[in-house]
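Please read the report below alongside the sequence and the three-dimensional view. Its headings go from the whole chain to single residues.

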Amino acid sequence: MKFSFYIAKRYAFSKSKSKAINIITAIASLGIIVSAMAMFVVLSVFSGLREYSLSFTNQLDPELTLFSGKGKSFVITPQKMNELNQSKMFTGIAKVVEDRLLFSFNEKQTVAYIKGVDENFEKVSQFQEAIEVGQWMEPNTSETVVGLGIAHVLSMGMFDVEDAFTAIALKPGTGVIDNPENAFIKKHLTPVGIYYLRNEDIDSKYVFTTLSEAQELLSLNENEITNLEFKLAPGITEKVATAKLKEIFGSSFVVKNRMQLNDSLYKMLNTENAVVYLIFLLVVIIALFNLIGALIMIILEKQSNIKTLNGLGMRMQSLRRIFLLQGLIISVLGGIIGIVLGAIVVIAQEEYQLVMITEGLAYPVDFNFANVGIVFVSITVLGFLASYIAATRVNSDYLNING
């Protein structure tokens, strides 16, 4: 093995007598370097886009959310709240009422989610940091915070005293409706803030109001809510906290983390990442065809040397191993150089924002060692397979030597 590696190293780093073989080997090496660099940069870009996309939901969504599995709403008793507080597992517990309603302003209408929150919402979410214009609402008022997308659709500003911003909900009940006007609950809200998360879907999704206003619109009692949102205490895992919530509320309740709340988004991002990886894996495979060709030409050039080594008693397996190791050396070194060059590009983008999406927003990238490992393993495994294919050409029939 040591002797085979020594010869393989000599072949890998020494020039051939044939200029054509040197050129083909250089092209093969360059192809590996460029493909490794491209794969690493693109994976880093998609990692950055993933983090950028998830930053919006992470800013809005809590660490854990509790829902009723048997209906839209449930009653949260003071006893249950005491049990939650005494568990010492949560630094924030917010009561929330959420449902789809119709909103109108100045003869324009749109459907969005109303999200009524109590004063503890600031402890479980960083959402207040997303307020672009105005301020967060005061407790026990009719103040509201809307998304930029909703404000744009309704052509709505803040503190408008001439036109009323109205939330409209159906009254619960059964039977025939005599007067359509009596079938709805209407409340006038006062916009005091506009949030902007740079995500069109989220910016057009929510109208935030106080818990009592939302309960009144949805005909819910004082202690009736649609979900509880939690921020975990330091050192408490999601698994432990979920088990405690199941113990307090029972198995009929559903507990979801951020990933489960946005499972479709996570699936989409993971699928995109996998597709991009497979595309660049194909690019690497194409680049490694050059390596196979270069190794076969080197085998033909070294035919006399192979016969000499065979005559000295070197087995066919050891002869094949020489060119297998040579190809592996070229692949591994090319992969390492490509990763290093890719890392320089990614770090330069992170530090100096060389490529911009808009004037104030740099193209997101994320340097992480998981991508380093993915690229290095991919190049190494495919390089090994390419080298093995070329090394099989070392046989008695192909080179006219003794087995």
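## Basis of the model

This is a predicted model, in which local features need pLDDT of at least 70 and side-chain atom pairs count only at pLDDT 80 or more, while totals for chains, interfaces and linings use all residues. Residues are numbered from 1 along each chain as its sequence is written, and side-chain values use heavy atoms, with hydrogens and water left out.

## Overall form

The protein has 14 helices and 14 strands, where helices (H or I, at least four residues) and strands (E, at least two) are DSSP runs numbered from the N terminus. Its radius of gyration is 32 Å, whereas a compact globule of 403 residues would have a value near 22 Å; the radius is taken over C-alpha atoms, and the globule rule is 2.2 Å times the number of residues to the power 0.38. Along the principal axes, the C-alpha atoms fill a box of roughly 105 × 50 × 40 Å.

Of the 403 residues, 45% count as buried, a term that means under 20% relative accessible area, with exposed meaning over 50% and partly exposed in between (1.4 Å probe, protein chains only). The accessible surface comes to about 21600 Å², of which carbon and sulfur atoms hold 57%; areas come from the Shrake-Rupley method with a 1.4 Å probe, and for residues only the protein chains shown count as cover. Among contacts with a separation of 6 or more, 79% are between residues 24 or more positions apart, a contact being heavy atoms within 4.5 Å.

## Helix α1

Helix α1 (residues 2–13) has twelve residues and reaches 17 Å from its first C-alpha to its last, close to the 16 Å expected at 1.5 Å a residue; the expected span is 1.5 Å times one less than the number of residues. Ser4, Ile7, Ala8 and Tyr11 of α1 are buried. These residues cover an arc of only 100° around the axis, which puts them on the same side of α1, the arc being that of the directions from the helix axis to the C-beta atoms. An α-helix has 3.6 residues a turn, so residues three or four places apart point the same way.

The buried residues of α1 pack against α11 (303–311) and α12, while the face turned away from them carries the exposed residues Lys2, Arg10 and Phe13.

## Helix α8

Gly250 follows the helix and has a positive phi, near 100°.

Ser219, in the loop between α7 (211–217) and β10 (224–225), has a phi near 55°, a positive value in a residue other than glycine. Ser219 is partly exposed, with a relative accessible area of 34%.

Gln353 lies in the loop between α12 (316–352) and β13 (356–358), and its phi, near 50°, is likewise positive in a residue other than glycine. Gln353 is partly exposed, with a relative accessible area of 43%.

His188 belongs to strand β8 (residues 184–195) and is exposed, with a relative accessible area of 56%. Not counting residues up to four places away in sequence, His188 touches Ser142, Ala164, Phe165 and Thr166. The side chains of His188 and Thr166 are joined by a polar contact of 3.1 Å, meaning a pair of N or O atoms within 3.5 Å; within protein, one must be able to donate a hydrogen and the other to accept it, and residues adjacent in sequence count only if both atoms are side-chain atoms.

Ser378, in helix α13 (residues 369–391), is buried, with a relative accessible area of 7%. The side chain of Ser378 reaches the backbone oxygen of Ile374 at 2.6 Å. Leaving aside neighbours within four places in sequence, Ser378 is in contact with Met39, Tyr277 and Leu281.
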